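The questions below go through one protein chain and its ligands step by step. Please keep the sequence and the model in view while reading.

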Amino acid sequence: MTIIEDQQAKYLIKSLQHHPSPYLILSKNTGIEWMNKSSQYVFDTSNIEDINITPFVSHGTAKKIEAIGSSFQSDLELSLRKIKFLLRSRVHEIPLDKEESFFLVEVLAQSEAALDALKNTIACLENDRIDMAYQKQYDLKTGDLVSVETLLRLRDEAGNIIPNDELIPLIEGESLFSLVVIASMQKLKEIFVFKKEKKLDFTVFLNISAYTAMQENFCNLILDFVSENDLNPGDLGLEITETAELEDRTRAAEYFEKLQKHGIPLALDDFGAGYSSLSYLRDLPITLVKLDKNFSQTVSREDTQELVKFVVTICKNMDLGMLAEGIETKEEEETFTKLGCQKGQGYFHHRPQFLEQFKEEF
Ligand code: C2E
Ligand code: CA
Ligand code: CA
């Protein structure tokens with residue numbers, strides 16, 4: 001008898017078919033036997049054959065967190081048509097009768113928007129709809145190019161760009177996001193080839209959330225990338241965002257120190273907004289402070305100018321570079337220059353471009 005023919009299971013299936021969370025039923029012998037509509041939506045599949053869960057009874061990370069029945073949270077390894085990734089799930093082991101039992105797997109997500117982000121990310125990875133755009137960062141006094149920020153560009157089915165702010169915050173805590181980081185680094189190779197060919201001298205900054213940066217394998221991923229692509233010190237840099245996630249500061253400092261020793265400069269992104277704090281400048285081996293865009297939007301105000309001057313002074317005294325981003329007008333650029341800010345970035349000077357167009361500017 002297959003599980004879905006069982007009376008209890010039939011009842012369960014009926015009640016979960018239209019549940020907003022993705023559910024899957026897994027038998028110990030035959031793998032996935034059923035998925036609800038939400039699962040089919042997230043994994044873009046109507047065919048159960050397309051998707052597979054690595055048997056998790058023996059899965060190392062599976063952890064029993066409660067003794068009532070047997071429900072536990074686990075990172076399940078899931079293979080879809082083209083990709084393999086870990087998925088945060090809650091698993092219930094449900095007894096059919098004494099001998100046989102099956103697993104009910106619930107994919108954990110915070111919201112419907114998070115499920116959409118999961119779906120879109122999976123689709124982008126499967127269909128190679130991941131690209132990078134490049135925006136120049138320049139010396140405010142001379143206008144010279146000093147570095148370039150790389151910006152992720154994910155596309156939906158219709159070819160439209162999915163706004164980063166709508167997707168990244170919802171997905172970057174998932175291990176699936178590491179596949180996006182790997183895919184974007186593959187793309188990044190091309191700009192280094194171009195840079196070498198043309199003998200251009202600038203740092204290419206990659207955005208990395210503190211969460212990603214602190215993952216076990218991240219340091220090696222970056223260092224391998226540097227050696228495989230034969231990069232020189234200062235070729236690749238990292239912009240660290242979402243520093244609220246840097247819980248263990250000592251470990252973060254050691255870790256960033258290691259990257260810096262290998263010639264990878266670190267920028268502190270969105271400084272002055274959210275949780276980015278002054279003490280990071282003391283505790284982490286930062287070389288560049290990136291003032292949050294919000295300061296550019298309000299830089300005509302006197303109180304904002306006072307704050308900018310304050311950061312300029314700190315950066316000068318601590319021998320750190322300082323960059324104002326989101327500069328959209330000539331007036332804003334002039335104000336930052338007058339206030340002593342060293343570098344700038346924004347639509348006024350340069351709009352993010354895909355590589356082909358970016359190359360034509362040299
Ligand atoms: P961010 O690091 O602060 O990046 C700057 C954002 O400002 C980019 O938006 C850029 O296109 C936009 N921008 C540049 N100049 C101007 C300007 O003059 N005015 C205004 N209003 N905006 C300007 P984007 O590409 O949508 O990225 C949004 C955020 O997504 C980024 O903020 C960054 O936190 C994150 N992000 C982008 N690419 C990656 C990535 O590869 N990995 C990770 N983890 N996060 C990324
Ligand atoms: Ca950034
Ligand atoms: Ca920023």
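Q: Not counting residues up to four places away in sequence, which residues does Lys37 touch?
A: This is a predicted model. In it, Lys37 is found in helix H2, which covers residues 37-42. Leaving out residues up to four places away in sequence, Lys37 touches Gln17 and His18.

Q: How is Lys37 classed: buried, partly exposed or exposed?
A: The relative accessible area of Lys37 is 43%. Buried means under 20% and exposed over 50%, with partly exposed in between. Lys37 is therefore partly exposed.

Q: What distance separates the C-alpha atoms of Lys37 and Pro20?
A: Along the chain, Lys37 and Pro20 are 17 residues apart.

Q: Where on helix H1 do its buried residues lie?
A: Helix H1 spans residues 7-16, and its buried residues are Ala9, Ile13 and Leu16. Seen down the axis of H1, these residues fall within an arc of 75 degrees, so they line one face of the helix. An α-helix has 3.6 residues a turn, so residues three or four places apart point the same way. The buried residues of H1 thus lie on one face of the helix.

Q: Which residues are exposed on the other side of H1?
A: The buried residues of H1 have cover that includes strand S1 (23-27), strand S2 (31-35) and strand S7 (101-107). On the other side of the helix, the exposed residues are Gln7, Tyr11 and Lys14.

Q: At the start of H1, which residue has a side-chain oxygen within 3.2 Å of the backbone nitrogen of Ala9?
A: Ala9 is one of the buried residues of H1. The side-chain oxygen that reaches to within 3.2 Å of its backbone nitrogen belongs to Asp6.

Q: Within what arc do the buried residues of H4 fall?
A: In helix H4 (residues 164-171), the buried residues are Asn164, Leu167, Ile168 and Ile171. They line one face of the helix, because the view down the axis of H4 places them within an arc of 90 degrees.

Q: Which elements do the buried residues of H4 pack against?
A: Asp165, Glu166 and Pro169 are exposed on the other side of H4. The buried residues pack against helix H3 (112-126), strand S9 (145-155), strand S10 (161-162) and helix H5 (176-197).

Q: Is Glu325 buried or exposed?
A: Glu325 is in the loop between strand S15 (321-324) and helix H12 (330-338), 56 residues from Asp269. Its relative accessibility is 8%. Since under 20% means buried, Glu325 counts as buried.

Q: What percentage of the area that ligand 1 exposes when taken alone does the protein bury?
A: Among the 23 residues that surround ligand 1, the closest are Arg153, Asp269, Lys293, Glu328 and Tyr347. An N or O atom in the side chain of Lys293 is 2.8 Å from an oxygen atom of ligand 1, and a polar side-chain atom of Gln135 lies 3.0 Å from a nitrogen atom of the ligand. Taken alone, ligand 1 exposes 800 Å², and of that area the protein buries 87%.

Q: How many helices and strands does the chain have?
A: The chain has 362 residues, of which 50% count as buried. Its C-alpha atoms fill a box of roughly 75 × 40 × 40 Å, taken along the principal axes. The secondary structure comes to 13 helices and 17 strands.

Technical notes. Residues are numbered from 1 along each chain as its sequence is written. Chains are lettered from A and ligands numbered from 1 in the order in which they are written. This is a predicted model: local features need pLDDT of at least 70, side-chain atom pairs count only at pLDDT 80 or more; totals for chains, interfaces and linings use all residues. Side-chain values use heavy atoms; hydrogens and water are left out. Buried means under 20% relative accessible area, exposed over 50%, partly exposed in between (1.4 Å probe, protein chains only). Helices (H or I, at least four residues) and strands (E, at least two) are DSSP runs, numbered from the N terminus. The arc is that of the directions from the helix axis to the C-beta atoms. Contact means heavy atoms within 4.5 Å. A residue is near a molecule or strand if one of its heavy atoms lies within 4 Å of it. A polar contact is a pair of N or O atoms within 3.5 Å; within protein, one must be able to donate a hydrogen and the other to accept it, and residues adjacent in sequence count only if both atoms are side-chain atoms. Accessible areas come from the Shrake-Rupley method with a 1.4 Å probe; for residues, only the protein chains shown count as cover.
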